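Me: I'd like a close look at one part of this model, with its surroundings included. Pick a piece and walk me through it slowly, numbers and cut-offs included.

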Amino acid sequence: MLDPLYVGDIITSTLHGSPFPQTHQATSLLLGIGAVESEFLDRAERGQQQGVGYFQLTPDLEIAIWTDYLCYN
C-alpha cells in the first residue's frame, strides 16, 4: 500500500509554485480520487475499466486532460 501522506507530499510539492490557486484543495481531491479508485493498493486494471495507476486513468481521459486542459493553461 502506498502511504497517502507520502502521495500528499508529492502532490503538494508538484503543485507548489504552479499557477493553480488552491493547492490544498487539489491535494485533498487527488488523494480522495486515489483512495476511491485504487485504495492506493495497486496500479493494475481494476474491474471492467481500462484505467491504470493509482488514479485509474483511462487512456482517453489522459489524452483529454493533456489536450483539453493542460495545453490551454
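Reply: Helices are DSSP runs of H or I with at least four residues, strands are runs of E with at least two, and both are numbered from the N terminus. The model is predicted, so to speak of a local feature takes a pLDDT of at least 70, and side-chain atom pairs count only at pLDDT 80 or more, while totals for chains, interfaces and linings use all residues. Residue numbers start from 1 along each chain as its sequence is written, and side-chain values rest on heavy atoms, with hydrogens and water left out.

The protein chain has 3 helices and 0 strands, and from the N terminus on the order of elements is α-α-α. Of its 73 residues, 16% count as buried. Contact here means heavy atoms within 4.5 Å. Among contacts between residues at least 6 apart in sequence, 18% join residues at least 24 apart.

Now for α2. This helix covers residues 23–37, which is 15 residues, and reaches 21 Å from its first C-alpha to its last, close to the 21 Å expected at 1.5 Å a residue. That expected span is 1.5 Å times one less than the number of residues.

Which residues of α2 are buried? They are Ala-26, Thr-27 and Gly-34. Looking down the axis of α2, you'd find these buried residues within an arc of 100°, so they line one face of the helix. The arc is taken over the directions from the helix axis to the C-beta atoms. On the face turned away from that buried side sit the exposed residues His-24, Leu-29 and Val-36.

What do the buried residues of α2 pack against? The partner is α1, residues 4–15. Skipping neighbours within four places in sequence, Thr-27 is in contact with Gly-8, Ile-11, Thr-12 and Leu-15.

α1 has 12 residues and reaches 16 Å from first C-alpha to last, close to the 16 Å expected at 1.5 Å a residue. Its buried residues are Val-7, Gly-8, Ile-11 and Leu-15. Down the axis of α1 those buried residues fall within an arc of 100°, so they too line one face of their helix. What covers them includes α2. The face of α1 turned away from the buried side carries the exposed residues Leu-5, Asp-9 and Ser-13.

How do you put the packing of two helices into numbers? Two packed helices are described by the angle between their axes and the distance between the axes. For this pair, the axes of α1 and α2 come within 9 Å and cross at roughly 140°. That makes α1 oblique to α2. The axes are lines fitted to C-alpha atoms, for helices over the stretch in contact, and the angles run from 0 to 180 degrees between N-to-C directions. Under 35 degrees is called roughly parallel, over 145 roughly antiparallel, 65 to 115 roughly perpendicular, and the rest oblique. α1 passes α2 in a right-handed crossing. The contact is made by Pro-4, Val-7, Gly-8, Ile-11, Thr-12 and Leu-15 of α1 together with Thr-23, Ala-26, Thr-27, Leu-30 and Leu-31 of α2. As for handedness, a crossing is right-handed if the near helix is turned clockwise from the far one by less than a right angle, and left-handed if anticlockwise.

Just after α2, Glu-39 takes a positive phi of about 55°, although Glu-39 is not a glycine. Glu-39 is found in the loop between α2 and α3, residues 59–69 being α3, and counts as partly exposed because its relative accessibility is 43%. Phe-40 is found in the loop between α2 and α3 and has a positive phi of about 55° as well, although not a glycine. Phe-40 counts as buried because its relative accessibility is 2%.

Leu-2 and Phe-40 are 38 residues apart in sequence and 5.3 Å apart in space, C-alpha to C-alpha. Not counting residues up to four places away in sequence, Leu-2 touches Val-7, Phe-40 and Tyr-54.

Terms used: Buried < 20%, exposed > 50% of the residue type's maximum accessible area, 1.4 Å probe, protein only.
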